[in-house]
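User: Hey, I've got a model open here and a few spots I'd like to go through with you. Can we start?

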Amino acid sequence: MTEPEVSLRIAMYYIQNGKTSENINVSIDGAHIKTKDTVHFDMVGFLRENGYIKCDATDKWQCKYKNEKYASCIVVSSKPGIGDVFIVLNDGKTLYVESKKFKSGSGGEYPAMREAIGQLMTGCPDDRIPVVAVPYSEKSHELSVDWLKNDRMRNAGICFILVKDNGDIEFVGWTNNDT
């Protein structure tokens with residue numbers, strides 16, 4: 001699963017489950033979409049397959065996407081420093097999500113998850129809930145559960161969203177039922 005897919009599946013989950021009434025901002029590095037003539041992730045096609053269409057008549061992939069079934073939209077940009085996914089929940093709390101994919105081969109969970117934790121520790125504003133988002137695997141689940149036994153991790157308020165291939169999401173470290 002690519003990093004943009006992790007981020008977009010989270011945005012779709014929160015919209016489709018009524019967890020937010022606001023638009024969700026998703027920031028994607030352009031290199032995750034395309035480099036030169038190589039397309040790495042067909043974001044527009046992926047969103048279309050999931051019922052989201054572009055709201056603008058632009059050729060750019062950075063724009064607003066809407067599913068007619070829901071009031072909230074996904075606003076895609078490539079702005080650095082705002083987190084990969086920014087969600088204002090219905091209870092007023094804000095999620096600041098750093099998404100990662102796993103590098104090919106075995107053992108990709110550990111470095112990806114540690115990188116996201118480092119980004120959250122150095123870049124997440126104090127008034128936001130820091131969230132690591134990665135594809136679900138037995139190893140990513142095991143690491144998230146183990147790491148949340150660490151006082152520093154719990155004190156930092158870091159939570160994990162593990163995204164399954166079918167779009168289901170597993171939450172680890174949540175204390176509020178509204179997330």
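This is a predicted model: local features need pLDDT of at least 70, side-chain atom pairs count only at pLDDT 80 or more; totals for chains, interfaces and linings use all residues.

User: Okay, Lys79: buried or exposed?

Analyst: Lys79 is exposed, because its relative accessible area is 52% and the cut-off for exposed is over 50%.

User: Where does Cys73 sit, then?

Analyst: Cys73 is in strand E6. Cys73 has a relative accessible area of 5%, so it counts as buried.

User: What does Cys73 touch?

Analyst: Setting aside neighbours within four places in sequence, Cys73 is in contact with Ile15, Asn23 and Ile24, and also with Lys64, Tyr65 and Lys66.

User: What about Ser72, where is that one?

Analyst: Ser72 is in the loop between strand E5 (64-66) and strand E6 (73-77). Ser72 is a loop residue, yet it is buried, with 4% relative accessible area.

User: Which residues does Ser72 touch?

Analyst: Not counting residues up to four places away in sequence, Ser72 touches Ile15, Thr20, Ser21, Glu22, Asn23 and Lys66.

User: Which backbone oxygen lies 3.0 Å from a polar atom of the Ser72 side chain?

Analyst: That's the backbone oxygen of Glu22.

User: Nice. Switching to Lys54: which strand is it in, and how accessible is it?

Analyst: Lys54 is in strand E4 (residues 53-54). At 24% relative accessibility, Lys54 is partly exposed.

User: Which backbone oxygens does the side chain of Lys54 reach?

Analyst: One is the backbone oxygen of Thr58, at 2.7 Å from a polar atom of the Lys54 side chain. The Lys54 side chain also reaches the backbone oxygen of Lys60, at 2.7 Å.

User: What else does Lys54 touch?

Analyst: Leaving out residues up to four places away in sequence, Lys54 touches Val44, Asp59, Lys60, Cys63, Lys64 and Tyr65. As for Ile74, its C-alpha is separated from that of Lys54 by 9.6 Å, and the two are 20 residues apart along the chain.

User: Now the helices. At what angle do H4 and H5 pack?

Analyst: Helix H4 (residues 109-123) and helix H5 (residues 138-147) pack at about 45°, and their axes are 10 Å apart. That angle makes H4 oblique to H5.

User: Is the crossing left-handed or right-handed?

Analyst: The H4 and H5 crossing is right-handed.

User: Which residues meet there?

Analyst: From H4 you have Glu109, Tyr110, Met113, Arg114 and Ile117, and they meet Lys139, Ser140, Leu143, Ser144 and Trp147 in H5. The residues of this contact divide into 5 nonpolar, 2 polar and 3 charged.

User: One more, Lys36. What's the phi there?

Analyst: Lys36 has a positive phi of about 50°, although it is not a glycine.

User: Got it. And where is Lys36?

Analyst: Lys36 is in the loop between strand E2 (34-35) and strand E3 (38-39). Lys36 is exposed, at 78% relative accessibility.

Key:
Residues are numbered from 1 along each chain as its sequence is written. Side-chain values use heavy atoms; hydrogens and water are left out. Helices (H or I, at least four residues) and strands (E, at least two) are DSSP runs, numbered from the N terminus. Buried means under 20% relative accessible area, exposed over 50%, partly exposed in between (1.4 Å probe, protein chains only). A polar contact is a pair of N or O atoms within 3.5 Å; within protein, one must be able to donate a hydrogen and the other to accept it, and residues adjacent in sequence count only if both atoms are side-chain atoms. Contact means heavy atoms within 4.5 Å. Axes are lines fitted to C-alpha atoms, for helices over the stretch in contact, and angles run from 0 to 180 degrees between N-to-C directions. Angles under 35 degrees count as roughly parallel, over 145 as roughly antiparallel, 65 to 115 as roughly perpendicular and the rest as oblique. A crossing is left-handed if the near helix is turned anticlockwise from the far one by less than a right angle, and right-handed if clockwise. Ala, Val, Leu, Ile, Met, Phe, Trp, Tyr, Cys and Pro count as nonpolar, Asp, Glu, Lys and Arg as charged, and the others, Gly among them, as polar.
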